[in-house]
Amino acid sequence: ERDPAARAEMLSAWSSSRTLLLDMRDADAFHARRLAGAVNLPRTTMSGRLHELPPRSRPLAVVLDPAPVACVDEDAWYRAQLAWFTADFKGNPWTLRGCVVGDDALFDDAAARSGFPVATGAANPTARLWEPSDNVARWLPAVEARMAHRWGRGGRLLEGAASSEAASSEAA
């Protein structure tokens, strides 16, 4: 969506519904400014990182990478980015709540109109679009502790998944 008023309305809806935000712009653009709470998964790395997306039933909104100046067909550029979410090998699409282009108008106009906070600077490196199940979160620290000799100290299967109890017992 490119209309500023419609963009602001979408941002308000996403904020109130606690929709997960995926930003497909490159890391430099993401760190320069982003919608608060968004997680960065650059479009250039999507093929190897689809496993990082949330379950298909979880609502997701996408901030698209703006088309380059030399782009002849902007609509095709954006359709190609959205194609990642239509279906995988199982034929199940993700639940998309919408998308916006991550251009200046999004941050300068739409976010301001909707009151959606814009963040700048380094983002939380362990932010992700999904959380492990309770069972995985419970047993993962024990597996990581057992495998520390192979991975080296501080090795983690899933950053941020270890409980603080497991972290303190490892430090002891």
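Which residue forms a salt bridge with R113? In this predicted model, the partner of R113 is D109.

**View 1. The salt bridge of R113 and D109 in helix α4.** The closest N and O atoms of R113 and D109 are 2.9 Å apart. Both residues belong to helix α4, where four residues, about one turn of the helix, separate R113 from D109. R113 counts as exposed because its relative accessibility is 52%, and the cut-off for exposed is over 50%. D109, at 23% relative accessibility, is partly exposed.

**View 2. The salt bridge of D104 and R33.** The side chains of D104 and R33 meet at 2.5 Å, N to O. D104 counts as exposed, with 51% relative accessibility. R33 counts as partly exposed, with 22%.

**View 3. A network of salt bridges around R33, D104 and D108.** Salt bridges link R33, D104 and D108 in a network.

**View 4. The salt bridge of D23 and R25.** D23 and R25 form a salt bridge in which the closest N and O atoms are 2.8 Å apart. D23 is buried, since its relative accessible area is 0%, and buried means under 20%. R25 also counts as buried, at 3% relative accessibility. The structure holds six salt bridges, including this one.

How values were computed:
Residues numbered from 1 in each chain as written. Predicted model: local features only at pLDDT ≥ 70, side-chain atom pairs only at ≥ 80, totals over all residues. Heavy atoms only, no water. Salt bridge = Lys/Arg side-chain N within 4 Å of Asp/Glu carboxyl O. Buried < 20%, exposed > 50% of the residue type's maximum accessible area, 1.4 Å probe, protein only. Helix = DSSP H or I, 4+ residues; strand = E, 2+ residues; numbered from the N terminus.
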